[in-house]
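Colleague: I've got a protein and RNA model open and I'd like to learn how to read it. Can you walk me through it?

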Amino acid sequence: MNLLQEIQRLSSEIISADQLEKMLAKSAASGEALRVKFGIDPTFTDVHLGHAVPIRLLRLFQKHGHLPVLIIGDGTARLGDPTGRNDQRPPLTVEDVERNAATYLEQIGTIVDLSEGKCEVRRNSEWFGAMDFFDCLKLASSSTAARLLERDDFKKRMKENLPVHLHEMMYPLMQGLDSVQVRADVELGGNDQLFNLHMGRQMQERADQRPQVCITTPLLLGTDGRKMSKSYGNHVGLNADAADMYGKVMSLSDDGMEDWFRLATDFNDEEIATLLAGHPREAKDKLAQTIVSGIHSEEAAKAAAVAFVAQFRKKEVPDDIPLKTVDASSYSLPVLMKNVGLGQSTSEARRLIQGGGVRINGDVVNDVKHKVEVIAGEEPFLIQAGKRRFVNVQAN
RNA sequence: GGGGAGAUACCUAAGUGGCCAACAGGGAUGGACUGUAAAUCCAUUGGCUCAGCCUUCAGAGGUUCGAAUCCUCUUCUCCCCA
């Protein structure tokens, strides 16, 4: 498989493949690396496996000698890419943005080599911070309302009578200006970024630059088959610990495995076909171990797999249970549970108890009035809530 | 600027004076079954010192024995006209 084919395997749309082919050929001949732009907005801290798909593609370019240009959207973060949610994002402070950016780079660094000369990291506040209102007007004049309203997300919201704020409409222009500023040859982005990527092309043309090739990557769906999102809890965070990550992948629906193998591992198509032909559980174990190995280590992945089997198939109690201490006293169970973090409120704990989901030292307790004596100097005892929350409790 | 419609719990969405902590669906959580898959079934889904009490229906006031429901003002959104 040549590079172009490999790129195509990991992408859903390339504008245009012909242009990319020519660029690659030219670059190979001249030895001049392509500048491959990828932008991220440090609006939150959790980068998940879905975000990793374009980053893995970026790594592919890097492996072939091209230069990743990572844009930290510390300017655009001020507004956040419009998503159609109508909740107002609280404005991020400079510190938030910096902290998020640092976390992002750390997590991205597990996939792409960020070292000097191998990668270029830019912040778009570099140019946005220097613009005054008249510059903004000039930026705004580079497109039209009709053009911007073509964007799916805006179109949809207009149709549903939801607000579309003016500043949101500036977002694609800002992202486009990034491309002009860094003279991108190629820009990568998720499926939903196509419009923004196009805007970069258009704006580069206006600035007399060669328009970038736009490549979008398929959306990696969450473990439940819906869009991967932290708010659905169906995501696999890149900063999750090995055990958690392994467990999350194991909860993936069978239908999702093929995509996950292709987009989140390095197996080739034949290997994937072979794996999928076997027992789904075995295939998923392979998938989970491979993903955990890539981000943590092979040993961590093996350990996670062993612990997982023990805990969920043999229903054993895991080894590393957090120990919480409370004042020695007599507690009603719901209150004690809330105090040790098993539940947000006593009402929630009460529900868990009534639902039969609470065990003390292995025995189900379904009496909400159950009293627990925590006595100084005694061995800790175990409270389990649901399948996977364990806490040891002891008097402090 | 003028006129009209609307804001209900995580989401969608009923409710137009007492039967409302608020129908229904989704989601989520717990349980059964299992491969922490899917499908299915059951329960729960504001808080608390839990047979009771307290705080919720955009916000602030008001009417009433009693308001998510009626009135006034405010904020926000959408539509039509200018």
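Predicted model: local features only at pLDDT ≥ 70, side-chain atom pairs only at ≥ 80, totals over all residues.

Colleague: Okay, how many residues surround RNA strand B, and which are the closest?

Modeller: A residue counts as near if one of its heavy atoms lies within 4 Å. Here 25 residues surround RNA strand B, and the closest are Ser253, Asp254, Phe308, Ser347 and Arg351. By type, the residues of that surface split into seven nonpolar, 10 polar and eight charged.

Colleague: Which helices each supply at least two residues of the surface near RNA strand B?

Modeller: Those are helix 14 (280-295), helix 15 (298-313) and helix 17 (346-354). Helix 17 gives the largest share, five residues.

Colleague: And which part of the RNA faces the protein, sugar or phosphate, or bases?

Modeller: Look at the atoms of RNA strand B within 4 Å of the protein: 67% are sugar or phosphate, and the rest belong to bases. You can see each kind in the side chains. Lys284 puts a polar side-chain atom 2.7 Å from a base nitrogen, Ser345 has a side-chain N or O atom 3.1 Å from a phosphate oxygen, and a polar side-chain atom of Arg226 sits 3.3 Å from a sugar or linking oxygen.

Colleague: Now the sheet. What should I look for?

Modeller: Strands of a sheet pair through backbone hydrogen bonds, either parallel or antiparallel. This open sheet has five strands in the order 7-13-12-9-10, with mixed pairing. Strand 7 (323-326) and strand 10 (363-364) are its edges, each pairing on one side only.

Colleague: How many bridges join strand 9 to strand 10?

Modeller: Two, and the strands run antiparallel, with strand 9 covering residues 358-360. Arg359 has Val364 in strand 10 as its bridge partner.

Key
Residues numbered from 1 in each chain as written. Chains lettered and ligands numbered in written order. Heavy atoms only, no water. Polar contact = N/O pair within 3.5 Å; in protein donor to acceptor, adjacent residues only side chain to side chain. Helix = DSSP H or I, 4+ residues; strand = E, 2+ residues; numbered from the N terminus. Nonpolar A, V, L, I, M, F, W, Y, C, P; charged D, E, K, R; others polar. Pairing = 2+ DSSP bridges.
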